[in-house]
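Below is a short briefing on a single model, arranged by topic. Please read it alongside the sequence and the coordinates.

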Amino acid sequence: MDYSIETAPIEKLQSDCLIVGVYQNQQLSPSATALNNSTQGLITKVLTRGDIAGKIAETVLINVIPDNPFERILLVGLGEQKPLTSKNFRKALYAAVNSLKKPQIKSVVCSLAECEVDSFNSQWKARQIVEIFNDAVYQFTAHKSDKETESKLEHIIISVPEQESESASMGLTQGKAIAAAINLTKHLADLPGNICTPTFLAEQALELGKKHSKVAVTILEEADMKALGMGSFLSVSRGSRQPAKLITMNYQGGDLNAKPIVLIGKGLTFDAGGISLKPGLGMDEMKYDMCGGAAVIGTLQAAADMQLPLNIIGLVPTSENMPDGDANKPGDIVTSMSGKTIEVLNTDAEGRLILCDTLTYAERYNPDVVIDMATLTGACLVALGRVPSGLLGNDEALCNDLLAASETANDSLWRLPLWEEYQELLKSNFADMANIGGKDAGTITAACFLSRFAENFRWAHLDIAGTAWRTGPTKGATGRPVPLLCQYLLNRVRVA
Ligand code: BES
Ligand code: MN
Ligand code: ZN
């Protein structure tokens, strides 16, 4: 799909469909007014008939319009005539794209960037339009014999007034980079475990390195990790026939001596639970246990595409977690790279076992901040559902920056406490700590475990178990938390 900005008045444009907004009480947006005037009151006629009341996200497609440069017009309800909330703006856009998928529509002019949205400018609006069109038409067809997609959309033209063109163009560039990153993340995540193995993920990262001169990719093999003393990480992959990898991606976009932002993503290409085997129902979804890793790869691509003046390190520990004669057994004790010993009381709490050694490894980059993201705990779904990702961390400023970015990006977070009282739950009689904390507060005890390996830097952890993919009939990856991470990086550039 291609996206562009157009500043000519809409009467001068043409396409298969024009999207215009209408408010409640028959109030028209500026583009709807212009169109109404050039069509002898067509829009007022539709409104008077009562076919659309203007409530948020209502749509009516006017299908045949004689003597008009637009083959069709899509009216979209915008609610009361006042600035929209960002959520309602997004709702209206999703409703618009979804109603344009079925008809034979290739090119669209979208005038909705003209609506006022609570404290957001044209840059943000253009970016949202690109992200939402992109998200709504995404389909995973790699393994379907019939590759035809539902949507025929090809060209999206965002119309903005002349004075907004610079701001909107910036948003367009960012939106395209973020949308491509989300697509990459979703695609990697939707691939099945027999294709998307640790080796495959590593190859994808190497591809990214080939595409971008500023991204240097190195893969640590099991022998390298053994030499580093990553006994915790390697204990997980020992039960799998697929060799584990630690993918390192180094994007050097900032000053040589600027401290890097380190992003770490859990890359379990399949989590069967190991000897603490998971129940069969829904186990296929554990192919998504690499969504954190995919989001890190996607975000590095976006940062490179946007040429952000930042230094960013992406680390993706990737492995399978399988039952096997050589797999971890409950009660096994492993020694992490930090020297701390861990009693593996449940082999299904494997994410933290691969992440802890990666956190220790991150120290060598002398990071400014470290942000890890992981489909870490089913308990996060119980606590927060599929709306926000869980946020925990050891640094107030970093957590607040992430919360602010999550609001702008509409990729929500909810912070949970990391109080020291919870640390006691990880006590082991036989090692420095256990890898599980019992049945209470599972998301917090998992983060407590990680915090013990993040003592030497500012750190935040995102539990994306509920947000990285959808279950049920629309099962599929969401690409989260790429929007949030990209927004965080963009905000870092602004203040830097
Ligand atoms: N990858 C899972 C977490 C998960 C479960 C994500 C369901 C999304 C949906 C993780 O490795 C895991 O198995 N966690 C265990 C931890 C427990 C053994 C302490 C869990 O949540 O059950
Ligand atoms: Mn597990
Ligand atoms: Zn897992």
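Asp348 is partly exposed, with a relative accessible area of 21%; buried means under 20% relative accessible area, exposed over 50%, and partly exposed in between (1.4 Å probe, protein chains only). The model is predicted: local features need pLDDT of at least 70, side-chain atom pairs count only at pLDDT 80 or more, and totals for chains, interfaces and linings use all residues. Residues are numbered from 1 along each chain as its sequence is written, chains are lettered from A and ligands numbered from 1 in the order in which they are written, and side-chain values use heavy atoms, leaving out hydrogens and water.

**Asp348 and other salt bridges**

- Asp348 forms a salt bridge with Lys278, with 2.7 Å between the closest N and O atoms; the term stands for a side-chain nitrogen of Lys or Arg within 4 Å of a carboxyl oxygen of Asp or Glu.
- This pair links distant parts of the chain, 70 residues apart: Lys278 is in the loop between strand 10 and helix 9 (291-305), and Asp348 in the loop between strand 13 and helix 10. Helices (H or I, at least four residues) and strands (E, at least two) are DSSP runs, numbered from the N terminus.
- Lys475 forms a salt bridge with Asp284, where the closest N and O atoms are 2.7 Å apart.
- Here too distant parts of the chain are linked, 191 residues apart, with Lys475 in the loop between strand 19 (469-470) and strand 20 and Asp284 in the loop between strand 10 and helix 9.
- Lys475 is partly exposed at 39% relative accessible area, and Asp284 is partly exposed at 40%.
- Asp368, Asp395, Arg458 and Arg492 are joined into one network by salt bridges that share partners.
- Glu80 and Lys82 meet through their side chains in a salt bridge (3.9 Å, N to O), and Glu80 counts as partly exposed at 48% relative accessibility.
- The whole structure holds 21 salt bridges.

**Manganese site**

- Asp271 (OD), Asp348 (O), Asp348 (OD) and Glu350 (OE) coordinate the manganese ion (ligand 2) at 2.0 to 2.2 Å. Donors are N, O and S atoms within 2.8 Å of the metal (3.2 Å for Na, K and Ca), and water is not among the atoms, so sites may look incomplete.
- Why is the arrangement around the manganese ion (ligand 2) irregular? The six donor atoms subtend angles of 69 to 166°, whereas six donors count as octahedral if opposite donors are over 155 degrees apart and all others between 65 and 115.
- Along the chain, the donors of the manganese ion (ligand 2) follow the spacing D-x76-D-x1-E.
- The manganese ion (ligand 2) and the zinc ion (ligand 3) lie 3.2 Å apart and are bridged by Asp271.
- Asp271 lies in strand 10 (residues 267-271) and Glu350 in the loop between strand 13 (341-344) and helix 10 (351-362), so the pair ties together parts 79 residues apart in sequence.
- Asp271 and Glu350 are both buried.

**Domains**

- The domain assignment, an automatic or database one, gives domain 1 (2-162) and domain 2 (182-495).
- The C-alpha centres of domain 1 and domain 2 are 38 Å apart.
- In domain 1, 15 residues are in contact with 16 residues of domain 2, contact meaning heavy atoms within 4.5 Å.
- One salt bridge is counted between domain 1 and domain 2.
- The side chains of Lys186 and Asp135 meet in a salt bridge (2.5 Å, N to O).

Methods: Tetrahedral: all angles 85-135°; square planar, octahedral: opposite > 155°, others 65-115°.
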